[in-house]
Amino acid sequence: MSERVELAGDLLARPLAAVREACSEVAASARHVTIDAAALARYASEIPLGEFGTSPTSFPTRHADVESLAAYTLCLDAINFGSGWFPKLAKAPGLSGYRTIELRLRERFERAGPFSARELRGIDARAVAELLGQTPMTSPIDELMELFARGLRDLGELVSTRTGGSFAGFVEEAGGSAAALVRNLLAMPLYRDVAQHDGITVPFLKRAQLTASDLAHALPESLGRFRDLAQLTIFADNLVPHVLRLDGVLRFDSSLVARIEAEELIPSGSAEEVEIRACAVDAVEQLTGLLRERMPRVTARDLDDRLWRRGGKPEYKARPRHRTRCPHY
């Protein structure tokens with residue numbers, strides 16, 4: 001649960017390519033997770049046409065001007081992590097941990113309009129807990145609320161400093177480039193989703209990439225028209241690898257499966273955790289390449305949306321997925 005490593009110049013210069021290349025390198029030498037090439041080829045052939053293009057994120061319908069939608073999306077993705085704590089989270093009836101957080105934040109924006117950057121700069125864990133329905137705070141959720149508050153304060157500070165408090169201005173500053181937006185978000189320490197594996201620097205940049213994708217869904221006709229969306233990888237979390245494992249594309253060694261099914265926390269930055277995420281990224285890159293024979297314009301982002309939705313089905317929710325406590329997913 002850390003700002004894992006310093007950001008290298010090459011990562012900042014070409015962040016999306018760096019994710020793809022490092023994950024491929026990890027997948028080639030992984031010890032705990034492997035990609036089943038034959039199963040992957042079958043899987044690609046079975047994915048039907050025409051299942052892509054909609055967002056899994058829900059956006060406010062009131063106070064839905066460009067500034068407010070930019071603020072909502074940036075705030076949501078500033079706290080779009082915590083899956084390692086979610087089994088302990090107080091959830092809204094029938095909703096997952098993420099959907100609970102999304103709902104509470106959306107309700108606030110629809111009721112009272114967006115937070116200002118100044119408000120975010122002063123927010124604390126108790127205010128976040130009240131916002132998200134997590135009072136009274138108990139362990140270990142108090143730890144997550146502190147991280148959420150830090151993430152929102154960092155966002156408020158960055159937007160205040162860079163664009164005078166304008167969330168839309170912060171998005172506009174990226175100049176229509178998802179890669180540039182990712183670089184700008186990495187100014188916030190909790191966005192520095194970069195690990196080490198056998199001497200390889202492995203960036204995932206899950207939330208930074210997801211922010212670009214969500215903005216493209218929220219603001220498709222204006223600030224979300226990023227010209228390089230097709231270069232995004234999947235948003236490496238614990239759900240997409242879970243789906244790929246249960247569908248036979250990823251194979252975990254038996255000891256790792258036993259730990260996951262016993263609901264043991266997998267440490268952030270451990271070889272197992274890095275390999276789970278990296279192999280999922282590389283598997284979807286391979287799937288995307290195969291699918292382009294039938295769907296020339298399909299992207300890893302499209303597949304991430306599909307696989308994430310698939311993970312909400314009862315048969316996937318019934319089986320434990322890996323849980324890691326970190327500010328990355």
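Q: What should I know before I start?
A: The model is predicted, so local features need pLDDT of at least 70 and side-chain atom pairs count only at pLDDT 80 or more, while totals for chains, interfaces and linings use all residues. Residues are numbered from 1 along each chain as its sequence is written, and side-chain values use heavy atoms, with hydrogens and water left out.

Q: How many residues does helix H14 have, and what span does it reach?
A: Helices are DSSP runs of H or I with at least four residues, strands are runs of E with at least two, and both are numbered from the N terminus. The expected span of a helix is 1.5 Å times one less than its number of residues. Helix H14 (residues 271-291) has 21 residues and reaches 30 Å from its first C-alpha to its last, close to the 30 Å expected.

Q: Is H14 mostly covered or mostly uncovered?
A: Buried means under 20% relative accessible area, exposed means over 50%, and partly exposed lies in between (1.4 Å probe, protein chains only). H14 is mostly covered, with 17 of its 21 residues buried.

Q: How many salt bridges does the structure hold?
A: A salt bridge is a side-chain nitrogen of Lys or Arg within 4 Å of a carboxyl oxygen of Asp or Glu. The structure holds 16 salt bridges. One of them joins glutamate 285 and arginine 20 (2.9 Å, N to O). This pair links distant parts of the chain, with glutamate 285 in helix H14 and arginine 20 in helix H2 (residues 15-29), 265 residues apart.

Q: Which residue meets arginine 251 in a salt bridge?
A: Aspartate 36 does, at 2.8 Å, N to O. Arginine 251 lies in strand S4 (residues 250-252) and aspartate 36 in the loop between strand S1 (33-35) and helix H3 (37-46), so the pair ties together parts 215 residues apart in sequence. Arginine 251 is partly exposed at 46%, whereas aspartate 36 is buried at 17% relative accessibility.

Q: Which residues gather in the patch of negative charge?
A: Asp and Glu count as negative, Lys and Arg as positive, and His and the chain ends are not counted. A patch takes residues with over 30% relative accessible area and no salt bridge, joining like charges within 9 Å. Here Asp124, Glu130, Asp142, Glu143 and Glu146 gather on the surface. Helix H8 (residues 141-163) gives the largest share, three residues. Glutamate 130 sits in helix H7 (residues 125-131) and counts as exposed at 52% relative accessibility.

Methods:
Patches are made of residues with over 30% relative accessible area and no salt bridge: like charges are joined within 9 Å, nonpolar side chains (Val, Leu, Ile, Met, Phe, Trp, Tyr) within 5 Å. Accessible areas come from the Shrake-Rupley method with a 1.4 Å probe; for residues, only the protein chains shown count as cover. The place of a charge is taken as NZ of Lys, CZ of Arg, CG of Asp or CD of Glu.
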